[in-house]
Amino acid sequence: MTELTAHGFAYSDGDVDTNTSSNPSLNAMIEQRYSRRQALRSGAIAASAAVFGGAVLAGCDSAATGTDPFPTIVSVGSSGASKSGRVVTLTGNATDNGPTASVWIQTQGPAVTLSNPNAATTSFIAPSVAGGTTLRFDYRAVDSAGQVSTQSVTVAIEAAELGFTSIAKNRNDIVSVPAGYSVSVLTRLGDPIASGVPAYKNDGTDTDFANRIGDHGDALYWYGLSAAGARDDNSSVRGLMVQNHENLSVQYLHPAGPTTPGGVRPEAEALKEIEAHGVSVTEVVEGAGRAWTYVQNSTFNRRITPSTPMVFNGPVRGATLLRTPFSTDGTAGRGTINNCANGHTLWGTNITCEENWAGYFRRSGDDAQRTPRELVALRRYGVTSSSGSYGWSTVTPADTNNTLFRRWDARATAGGTATTDWRNEPNQFGWVVEIDPYDKTKAPRKRTALGRMGHEGAWLSNATPGKKLAVYLGDDSRGEYFYKFVSNATWTASDAQAADRLAIGDKYLDAGTLYVARFNADGSGTWLPLVFGQVPNRPAVNADPEYVFADQADILTNARLAADAVGATRMDRPEWTATNPVTGEIYLTLTNNNASLRPITGTNAANPRHYNDPKGASNQYGNPNGHILRLRETGDDPAAIAFAWDIYLFGADSAEANSDVNISGLTAANDFSSPDGLWFSRPTNAGGLVKPLLWIQTDDGAFTDRTNNQMLVAMPGVTGDGANVTITNRGSGGTTGTQATRRGALATDATLKRFLVGPIGCEITGVDSTPDGRTLFVGIQHPGEDGTAAAPDSGWPATQATGTAPAGTRPRSAVVVITKNDGGVVGL
């Protein structure tokens with residue numbers, strides 16, 4: 001994007017490090033008294049210019065007067081403007097017949113940090129502004145006699161805009177990003193994170209995943225560290241990367257894939273698979289040349305697996321439903337699993353969410369040992385597998401007292417109880433889990449007040465002192481619901497820096513009210529409380545009898561049943577949420593739905609589409625491309641019980657979709673399908689201020705004949721900025737139906753662009769940045785997921801450097817680092 005002026009002069013410098021010059025300061029030189037006879041002076045030539053995006057800015061002279069020769073400054077160039085978040089470089093020069101020193105001083109406009117203010121060339125990141133704002137800088141030169149010459153230069157800063165050209169859809173086996181950006185790999189499946197753990201061989205023989213990066217990296221978040229190793233929310237060069245590990249590409253974890261000799265899983269194989277789940281905490285640092293690495297032997301490094309001790313907090317703690325042989329009083333548990341999306345708190349803790357946990361359990365053939373109420377709940381949550389996803393319960397451990405495998409068999413035994421068999425073990429999962437990433441001695445806490453479901457994420461509202469906090473929760477399954485939790489406690493700003501972080505979590509996350517959303521056709525909505533005494537019995541459904549709630553612990557443990565009972569709106573697979581840091585609006589990805597759960601006769605205003613997006617010879621009826629919903633609480637109060645909503649964006653294939661499907665007006669430069677991950681840039685940099693950037697990640701199968709999964713970046717408007725529309729849905733056999741809905745403003749190249757396309761077979765999931773916005777971290781999950789150990793269908797990340805890898809290279813989930821080559825804020 002460089003445009004050279006007629007002078008043929010351009011300079012770009014992304015270095016924003018603090019000044020390390022040992023030169024004396026300008027003020028010190030001025031204060032120092034020199035004998036005039038000690039200074040030699042003569043005429044000189046110098047230049048001063050400001051460069052941004054390749055353009056040259058003007059300056060105006062204001063030289064001091066006097067009888068002795070002063071340092072001479074000559075200006076060149078012409079005035080210009082830059083955009084928020086971009087690098088601006090100031091260049092000056094001064095000479096005299098003796099030594100000179102110089103300094104850049106800002107004299108007007110929002111304060112910026114100059115990289116090397118005592119050097120001839122310095123740079124800064126253009127600050128966030130809502131409109132035209134002028135910055136003024138003095139370039140001051142002083143000679144050895146203390147005589148000063150000054151020249152001023154102005155920089156006009158405009159509001160931020162998307163500062164890159166959208167990349168094309170592709171099916172390459174690399175991470176593709178726009179021109180002007182670089183990609184490097186930070187951490188990968190199997191990387192050792194403890195001293196003495198050998199490097200990952202990636203041939204299926206590796207072990208000890210309790211000390212390695214896990215598989216299927218999902219949501220991630222950066223937690224800053226100071227040079228001394230303390231929490232530092234402003235650090236952009238040293239921090240902790242906390243990442244979820246949702247699931248497995250199990251075919252690559254073993255030499256030739258998993259085995260089941262005699263119908264029994266080998267203990268070593270099952271242990272590896274269990275330990276590859278969970279969460280990792282890894283120290284990462286920026287080094288010379290902005291190269292990022294992780295610290296293998298950091299004392300902060302930690303793996304949290306399905307076997308890690310946990311404690312239960314909140315209303316369900318100690319309930320009969322949580323009692324097991326491991327915790328006969330229902331207060332403790334072991335581990336977290338299928339950790340998908342996330343959240344973070346203002347007090348410096350991480351939230352990880354247990355999503356599709358039900359399928360890991362073996363449970364069938366024990367109906368006679370269960371009550372009718374238990375069977376209703378088990379069916380509603382899908383705890384119905386006859387083997388469990390990986391057959392872990394079939395392991396015969398070498399230590400007969402080891403119950404880490406037996407616990408996955410949730411069958412009730414004849415004559416048994418909750419504390420003699422593992423019938424209640426499924427109730428220990430499906431919760432939101434809070435972790436202190438800075439203190440590995442603290443056991444994670446399962447926050448039962450936030451309800452039990454297939455949690456995709458838990459994102460906090462904006463915080464206002466004296467107001468309650470809300471946590472927004474998607475239940476990731478087709479036809480499930482959107483929830484929020486509202487704390488009883490009101491926000492106290494000083495809690496953000498409390499030393500006992502999990503105790504602050506106790507304050508805000510253990511007591512409050514869980515609600516579920518009902519979306520009305522007129523663009524309004526209501527939060528329905530899930531409170532014992534206010535929730536009616538869940539009516540009989542098909543073969544299920546009426547469900548009568550016993551108490552609040554029952555409602556929270558079986559939140560899906562309670563949401564059924566109050567008549568909430570079933571959604572098209574509600575996944576990630578994100579909170580706009582400026583407006584407080586909440587965004588929710590609705591990834592997709594099929595014709596069975598979203599028939600043409602079953603649409604509604606908030607889930608309005610039923611259509612076909614053919615993939616090859618296969619039809620895909622329902623809502624295969626998904627959409628993103630947006631809501632704004634009444635009075636911008638997180639505790640409000642009413643809200644307004646619209647559909648911010650509809651996913652669609654721009655090449656095939658008609659106006660009843662491509663409702664947002666997508667083009668080849670920004671079309672997408674199955675939105676999943678969602679994140680707003682941090683409000684500590686220009687990307688998250690005024691009009692924050694919204695990052696959208698996809699987990700798609702419907703559109704993968706066109707492109708690998710992708711990440712887009714948007715600059716959204718506000719709820720209600722679009723129009724009321726009525727669309728015509730088209731089903732199989734030529735059936736049609738109409739549906740009124742509310743769409744947001746149409747997408748344009750200025751408001752939505754494709755920023756990244758991932759390698760073959762991957763999902764793009766997990767995104768965060770350093771506080772300064774100059775480094776972006778992105779998760780690449782399960783590349784090559786459809787391949788085999790003998791024939792991988794991706795070699796990434798080994799392919800990233802050249803596009804190819806040696807035959808047979810096994811793919812690995814990984815975190816990539818993306819930086820802008822000129823050092824500016826990513827995306828701007």
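Helices (H or I, at least four residues) and strands (E, at least two) are DSSP runs, numbered from the N terminus. Axes are lines fitted to C-alpha atoms, for helices over the stretch in contact, and angles run from 0 to 180 degrees between N-to-C directions.

The model is predicted: local features need pLDDT of at least 70, side-chain atom pairs count only at pLDDT 80 or more, and totals for chains, interfaces and linings use all residues. Residues are numbered from 1 along each chain as its sequence is written, and side-chain values use heavy atoms, without hydrogens and water.

Helix 4 and helix 7 pack with their axes 9 Å apart, at an angle of about 95°. The two helices are therefore roughly perpendicular to each other, a term for angles of 65 to 115 degrees. In contact (heavy atoms within 4.5 Å), the following residues meet.

| Helix | Residues | Contact residues |
|---|---|---|
| Helix 4 | 372–381 | Val376, Ala377, Arg380, Tyr381 |
| Helix 7 | 559–566 | Ala559, Arg560, Leu561, Asp564 |

The residues of this contact comprise five nonpolar, no polar and three charged; Ala, Val, Leu, Ile, Met, Phe, Trp, Tyr, Cys and Pro count as nonpolar, Asp, Glu, Lys and Arg as charged, and the others, Gly among them, as polar.

Six strands form an open sheet in the order 18-17-22-21-20-19, with mixed pairing; strands pair if DSSP finds at least two bridges between them. Strand 18 (332–334) and strand 19 (339–344) are the edge strands, each pairing on one side only. Strand 20 (residues 350–354) and strand 21 (residues 432–435) run antiparallel and are joined by four bridges, with Thr352 opposite Val433 in strand 21. Helix 5 (residues 501–509) packs on the sheet and touches strand 17 (309–313), strand 21 and strand 22 (445–447).

Note on methods. Parallel < 35°, antiparallel > 145°, perpendicular 65-115°, else oblique.
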